[in-house]
Every structure is written in structure tokens, then in C-alpha cells.
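Please look over the sequence and structure below. A short report on selected local features comes after them.

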Amino acid sequence: VELPRLEPLWKKYRDKGLSIVAVEATRDRERAVQFIDKYGLSYHLLEAEEEKLVVKKKFGIKWFPTSYLIDREGRIMICHVGFHAGDEVELEKDILKLIGETSGRT
Amino acid sequence: MPPGHDHAADGTVVPTVLKCAQRKADIMAKQRIATLIVSIWVLVGCGGEERGTQNLAEQNAAADEAYREVRGKRAVMDSPEEKVVITKAFLDEFPESEKTAGAIDAVYYYQGTEMDDKAGALAYAEATRARIKDPSIARQVDRLLIGYYGEAGMVGKMIELVDRVAAAGALDFNDYWNVIAGGTVARDWPLVRDYCARARKLTDAAAIRAENPSRELSEEEVADAVNLRRGMLLVKDGWARANQGQIDPALADFAKADGLLPRYYFDLPEYELNVYWGKVLVMKGEYAAAIERLATQALIMRNEEALANLKAAYIGRHGGESGYEKYAQELHRGIARPLDDFEMPDYEGNRHRFSDLRGEVTLVTLWFPT
């Protein structure tokens, strides 16, 4: 549910300094590729190389999906667990706020 | 959260029954995540006894296949109304199967949460329960109803049902936990404390083994489950105690729970321990300590209660609201940690390094295809 809803955000803000990276964490390549093609996803789509539990541990997460919103200095500013229809509205606000911040330290 | 959307199911080393309770707790606490997956857990993970009759097995297989189709359709539907319609149609066609409770819970989520019609969703669940004859399936649905009544703060109905279920067989930890969660919603502290004390009896190794008869649990799994259950109960009992004016015993409970609960997300202990802890510290007037407990939950995990209490702590400390926005912004930047660098291939085999994106605002999503 979440990935297709990110596509419009990416198209809207990619020229303003937004990157989106989706990490498929269960190595279910066949279904992942099917899904990606079906929704025409075009941001960074990566495939984890380790077991799901290792990925969870590495990223410090418990549930899928989890999204980290990271500022220009590489800090995790927002951690969003789960995804409901409509969550993208709040996410867009956060993205806008972070895009508006300059990359230099203030 | 829509069915099959979340995926905690893999080998977390905790007995299944416990995971059901744990999921339930997370969900109740978050209030943003629907009860749906819980029931899938209750069904798949904590499901009823093996039943031999081939007829039932066939029925279940047919229901299984039909329900898989329903889930597939729901996954691509936008309107919750449509999802409710096809799920109810499934329940009309297969009124009693291993999927019944899961489907009822799905209706409860889509109708109750997404369509904002909790009353209608509850009435549907009750009516559907009334026509179930199989005791094992009825038990699964009763478990859901206990949770629904609790969530709605309908303590009287909840207890009535719990007593009825208890008369027919022993309650398990999951049932107690549902009652505790319900009592917390209704702020019925004596009830919460009573059921914490009862549930405490199901936190030893023997109880955990007894609840998982189909599988030999390792020592480590049992120890994890013991700690988790004790930690969970300390959080709820501590919060109830604080509300009864026993602030210091509550803080002692939280400190104990801190050593027992597993940690995820920025090393935060589970069950929103830090949210409760911060709230009680605000009650006590220890604002600096409260802010420390609440900051990550409030600003990064964006827990609404934590956020409200962070503000309360600021006001307590500074005697007013003035300057809070700027303070919170600086605090937020101060506590935000970097994401460890990683490198992974895309589907064409090209490798990408996360740190190459430095300077961009980046959204990293961990997902799995449903």
C-alpha cells in the first residue's frame, strides 16, 4: 500500500532534493518485481542481501513497513511505523519542512 | 493496518500466544494500527486445536482459498466500503471456518476504523458471533469481542464476556491482557491491578510451556517470554498505581520493566514504557527526567501522548508555553541519530550506497511485497 503512494511524492520533489529508497527486506524477488512493475515505481528500489531478521536488526525495526525520513545531514528525523492510506499527507508536510531547511549547520 | 501488510510474524523467539498478546498491546497502545493482524495471529498463530473431521478440513480449505481471494481483492481496493462488502459476503458464504475470526476482525477494522463506524462494526461482530456454533471458532471471536469492548471502554460488557469465557475454560494471558488494556482505556485502575495480579500467575515458565503444547520451546524462548510478560504487566500495573497516587512504586515498576522488555526503534523499550514513564515523571514534577524519557517517542516516533506530555514537562519547567516550538525543534535535532550506512544492489545488479545520497532529504522504506 505504501510504495505506490510514495511515487507521486518522489515525482513532485525529486528536483528539490528528495530521494526515496525502498529496501525489499524479504528477498521475495519475483513478487517484488511484479509489484514494482505493476505500479511503475521509479525511485531507488533495492533488495536486501541478508535474512529478514538480520535486516530488521540492522535497521533497528520491528514491523514492516517502517520508513525513516532523513534530513540533509543524514539524521533520522522521523520514524514512521506501518502505513495507512492518507499517511502520505503528513509525510509530505515533513518532507517539505526538511527540504526547506538548508544543508549548512545553523 | 490492512491485512498482510505488516510482517512481524517471522522468528521472533517468543511463543505464539505471547506474540498475540504483544501485538494486541502494541496496537491498543498505538491506536493507529488496526486490530486486524492480531486476529490473523490469533487464528494462524494461536489457533484452536487440531480437529480431525475431514469435512471440516475441506470446509477450511475452501474457506482458506476463498479468503485468500478476498484479501487479494482488498489489497487493490481503495474504498473501505467495498472491502467491507466483500468481506461480509465471504462470511455469509463461510460462516464458520478458521478464517471467520480474521474476517470479522477485518470488517471491524475497515468499518470501524477506516469508515469510522465503530458501533456498526461492533454490532456486526456481535451478530456474527451469535450464529457461530463451533466452540473453538466461537472462542476466537469472543477473544476479539473482549478486545473490542475494552477498546471502547465498555468494561461491563467486557467483564460479562470474560466471565462467560472463563466459565467454559481457562483464560489465557492474551485474555487477561485484553482486559487490562480495556481497563486502562476506561481508567478502571482497580480492575487493571486485579487482572495484572491474575495474569502474573501466567508469567512463569510452566504456564508458558503449557500454552504452547504443540511445540517444544527452548530455554531461551521461555526466558524471553517470561521477561516479556512480566515487563508488560509492570508497565500497566505501574501506570495504574501512578493513577492511584502511588508514584514512587510506579517508577520502581518501570525501572524493573526496563530491564525486562525487548528494545526496538532507537533502543526504546517495548510497550511504550518510556511514554508511561515520562507521564509519571511529569506527575511527580521531575520535568528534566520526563523530557529525557519522552523526547524520542514524542519527536521521532511521533507518539501523540508523548508529545502532549513533552509539552507539559516544558511548561512545568519554564512556567509557560512561550518558546516551546523553538525548544522542541532544537531538542529534535539534538536527539536525531544518523542511519548507519548500507550498500545494496538494485534489481539490475547495480550496487548503491546510502551515504552517496548525503545532502538529500531521504526517505528509506523497508517493505515486503504482499
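This is a predicted model: local features need pLDDT of at least 70, side-chain atom pairs count only at pLDDT 80 or more; totals for chains, interfaces and linings use all residues.

Residues are numbered from 1 along each chain as its sequence is written, chains are lettered from A in the order in which they are written, and side-chain values use heavy atoms, without hydrogens and water.

**Helix H9(B)**

H9(B) spans residues 173–185. Helices (H or I, at least four residues) and strands (E, at least two) are DSSP runs, numbered from the N terminus. Of its 13 residues, 12 are buried, so H9(B) is largely enclosed by the rest of the structure. Buried means under 20% relative accessible area, exposed over 50%, and partly exposed in between (1.4 Å probe, protein chains only). Trp177(B) is one of the buried residues. Arg187(B) follows the helix, with a positive phi near 55 degrees.

**Packing on H10(B)**

H10(B) covers residues 189–200, and its axis lies 8 Å from that of H9(B) at about 165 degrees. Axes are lines fitted to C-alpha atoms, for helices over the stretch in contact, and angles run from 0 to 180 degrees between N-to-C directions. The two helices, H9(B) and H10(B), are therefore roughly antiparallel (over 145 degrees).

| Residue | Phi |
|---|---|
| Arg27(A) | about 55 degrees |
| Phe266(B) | near 60 degrees |

Arg27(A) is partly exposed at 39% relative accessibility. Phe266(B) is buried at 14%.

Definitions and conventions
The expected span of a helix is 1.5 Å times one less than its number of residues. Angles under 35 degrees count as roughly parallel, over 145 as roughly antiparallel, 65 to 115 as roughly perpendicular and the rest as oblique.
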